[in-house]
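Biologist: Could you walk me through this one while I have it open on my screen? I'd like to jump around a bit, if that's all right.

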Amino acid sequence: MTGSDSAIPLVRLNGISKHFGEGETRVDALREVSLEVFPRQVVALLGPSGSGKTTLLNVIGCILDPSAGSMELDGELVLHDARWQRGDLRRLRLDKIGFIFQYHNLLPFLDATDNVAVVLQLAGVDIAAARKRAVELLDYLEVGHRKSAMPSKLSGGEAQRVAIARALANSPRIILADEPTAALDSRRAGIVMDLLRKLAVERDAAIIAVTHDEKIFDRFDRIFRLRDGRLE
Amino acid sequence: MNLAYRDIRHNLGRFLLTCMGLGLLLSVVLAMIGIYRGLVVDALTIARAPAVDLWVVEANTRGPFAEASRIPGDIREAVARIADVTAAGSITYQTVETEYQGGKLRLYVIGYELTRPGGPPEIVEGRDIARSHYEMVADRSTGLTLGERVQLGRNTFTVVGLTRHQVNSGGDPAIYITLPDAQKLQFDLAPPAARVQLARGSGGASLDTVNAVVARLHPNASPDATAETIQRWKHLAAITQEAQEVILSRSLVDRARRQIGLFTSLLLAVSAVIIALIIFTMTMEKLKQIATLKLIGASDRTIVGMIVQQALALGLIGFAIGAAIIVNIKDYFPRRVILEPDNVAVLGLIVIAVCLLASGLGVRAALRVDPATALGG
Ligand SMILES: Nc1ncnc2c1ncn2[C@@H]1O[C@H](COP(=O)(O)OP(=O)(O)OP(=O)(O)O)[C@@H](O)[C@H]1O
Ligand SMILES: [Mg+2]
């Protein structure tokens, strides 16, 4: 398929391990995971429950400290020997990473437009420009007609597309999705996958999605299988 | 866009209901503070009314309010002759019950000498007493109106003037009549045996008995020094105005004051806990949203700001509602409720401090929440 010819990987993990607890209660959630994801790739993380998929996503998203290993994002060494190389991980997330949740997790008190615009505002964009860009993104994801709706009034598919718009707001090149289609029927799941594909191609982005959804396996460029914290 | 405001607007009904509940609670706190202030001020009103510097009373008493005091009426002349005294007047105080509009009316009767200290401090309607008999100036809280006639003892008095806020420490409204009328009333109402004795002038008792002689001094004179001079006279004690006010607020209403004071503190503590709980719950309900905000790049400052702004909004609106309620109903209380701006301001500051403290708890929980929790189901 497309993609893996780009020279520099957007995500590169080297010997990432993560354990929770110590002694009796120690859980090894990730063991020496190394992988690379290139621009324009849409990859899947697969594995039984408890195999470490979410943990891996959280490490890549810089919201969980790994116990060992190194990581490069977009060519920048952000983690070396389990030590963050940057003080401001929030800024790093804001600049490089977009999250799509299993359930859309839109803020219930903001309408569709502002749910997207808030991300831009947090990054320092003034509100008028943020809203303008938010509406463009909603149009791009074909939910522009629902731009003034509150999240509780959106259908599951619409809400998920608004959430994807939000993940894209800062033009991140790494998009992490935890079961983005779990709450959708197969037709809508297909639409969302098409969208992610379109994103990867048009924005030169890498998309890493956790999924259990066998219907969409054939839409990924690459599938990483996890078992007991190890890549197979 | 302001996240705190948007969140409140989204749940406006619920937020306002919470504010309303808090407002009612704070109105009770304000009422208690007002009742407390009212009690203290009421206790001092009668003692402040004659605007004097010195109280001459019976020896070994702390009269005429805290203890009974009876002295001969001619003491006034002796007091008036003291060098530093500019004016002196005899006063009687007695509580009388009379019939009024089919019910009982308790009155605190003050007898004074028309041209001397001891009369009503301020007439808000009508005029001062002009004739030496059967006229009275009554406090508005008696319910009496100008021109009304009231039976006291064997005589009928006409209301010629009205005062306001003149009540004794027990809350009984005051009326003023002339000293001779008051002495006659005291005689009429005395038990028959005592009356016979009084009429004979035997046993040292005389009709010309008063409860206190009050005196105004030269502005430069020392009340303590003059009091000392009078102390040396037999059968008399002298109390400065300052000491009289201490006696009134410390011993006369001390229990009631402490009772209400303690209850007010308790109420404040309860309110503080309730405010803290409301704000803490408000934050806990939003933990998932806060995790989401963190994940999409909100700084700790943004999150803290949201919680603190909401807490302050709740506190301030609740306080405003509470203040509005109490200002509108305070005149319906049977006794005075006094809200002084500084008391209200102090409560306002306490509410703000509690809100900030309580949001501190919420903030702690919010800052600890792992952004990863937003990712899960
Ligand atoms: N915060 C934590 N503390 C302790 N153990 C944890 C924590 N998070 C995850 N684990 C453990 O780490 C292992 C991997 O968890 P993870 O959530 O990554 O699994 P998963 O592959 O996402 O599973 P699922 O498909 O059910 O979502 C599990 O055994 C889990 O119990
Ligand atoms: Mg998971």
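Biologist: Which residues of α1(A) are buried?

Modeller: Bearing in mind that this is a predicted model, the buried residues of α1(A) are A:Lys53, A:Thr55, A:Leu56, A:Leu57, A:Asn58, A:Val59 and A:Ile60. That makes 7 of the 8 residues of this helix, which spans residues 53-60, so the rest of the structure largely encloses it. Just after the helix, A:Cys62 takes a positive phi of about 60°.

Biologist: And which residues touch the most other members of the largest nonpolar core?

Modeller: That core has 96 residues, and those touching the most other members are A:Val11, A:Leu13, A:Leu56, A:Met71, A:Leu73 and A:Ile208. A:Leu56 is also one of the buried residues of α1(A). There is a second, separate core of 30 residues, and its members include B:Leu22, B:Leu25, B:Met32 and B:Ala323. As background, nonpolar side chains tend to be buried together in soluble globular proteins.

Biologist: Take A:Leu13, then; what does it touch?

Modeller: Leaving aside residues up to four places away in sequence, A:Leu13 touches A:Val33, A:Ser34, A:Leu35, A:Leu56, A:Ile60, A:Ser70 and A:Met71.

Biologist: Switching to A:Gln41: is it buried or exposed?

Modeller: A:Gln41 counts as buried because its relative accessibility is 6%, under the 20% cut-off. A:Gln41 sits in the loop between β2 (27-37) and β3 (42-46) of chain A, and a polar atom of its side chain lies 2.9 Å from the backbone nitrogen of A:Phe38.

Biologist: What is the strand order in the open sheet of chain A?

Modeller: The sheet has 6 strands in the order β7-β8-β9-β3-β10-β11, with mixed pairing. At the edges stand β7 (97-100) and β11 (230-231), each with a single partner strand, so one side of each has no neighbour in the sheet. Strand β10 (residues 222-227) runs antiparallel to β11(A) and is joined to it by 2 bridges, with A:Arg227 standing opposite A:Arg230.

Biologist: Which helices lie across β7 and β8 there?

Modeller: Helix α2 (residues 89-96) of chain A lies across β7 and β8 (174-178), running at about 80° to β7(A). Helix α5 (residues 156-168) of chain A also lies across β7 and β8, and runs at about 170° to β7(A).

Biologist: How is chain B divided into domains?

Modeller: The domain assignment gives domain 1 (3-43 + 254-375) and domain 2 (91-210). Taken over C-alpha atoms, the centres of these two domains of chain B are separated by 49 Å, and 4 residues of domain 1 are in contact with 6 residues of domain 2.

Biologist: And β1(B), which strands does it pair with?

Modeller: β1(B) is joined by 3 bridges to strand β11 (residues 212-217) of chain B, in the antiparallel sense, with B:Leu54 opposite B:Ala215. β1(B) also pairs antiparallel with strand β12 (residues 236-240) of chain B over 5 bridges, where B:Val57 has B:Ala237 as its bridge partner. Of the 5 residues of β1(B), 4 are buried, so this strand (residues 54-58) is largely enclosed by the rest of the structure.

Biologist: Last one: is B:Arg368 buried or exposed?

Modeller: B:Arg368 is exposed, with a relative accessible area of 63%. B:Arg368 is found in helix α11 (residues 341-368) of chain B, and its C-alpha atom is separated by 13 Å from that of B:Gln289, which is 79 residues apart from it along the chain.

Notes. Residues are numbered from 1 along each chain as its sequence is written. Chains are lettered from A and ligands numbered from 1 in the order in which they are written. This is a predicted model: local features need pLDDT of at least 70, side-chain atom pairs count only at pLDDT 80 or more; totals for chains, interfaces and linings use all residues. Side-chain values use heavy atoms; hydrogens and water are left out. Buried means under 20% relative accessible area, exposed over 50%, partly exposed in between (1.4 Å probe, protein chains only). A polar contact is a pair of N or O atoms within 3.5 Å; within protein, one must be able to donate a hydrogen and the other to accept it, and residues adjacent in sequence count only if both atoms are side-chain atoms. Two strands pair if DSSP finds at least two bridges between them. Contact means heavy atoms within 4.5 Å. Axes are lines fitted to C-alpha atoms, for helices over the stretch in contact, and angles run from 0 to 180 degrees between N-to-C directions. A nonpolar core is a set of buried Ala, Val, Leu, Ile, Met, Phe, Trp, Tyr and Cys residues joined through side-chain atoms within 4.5 Å. Domain bounds come from an automatic or database domain assignment.
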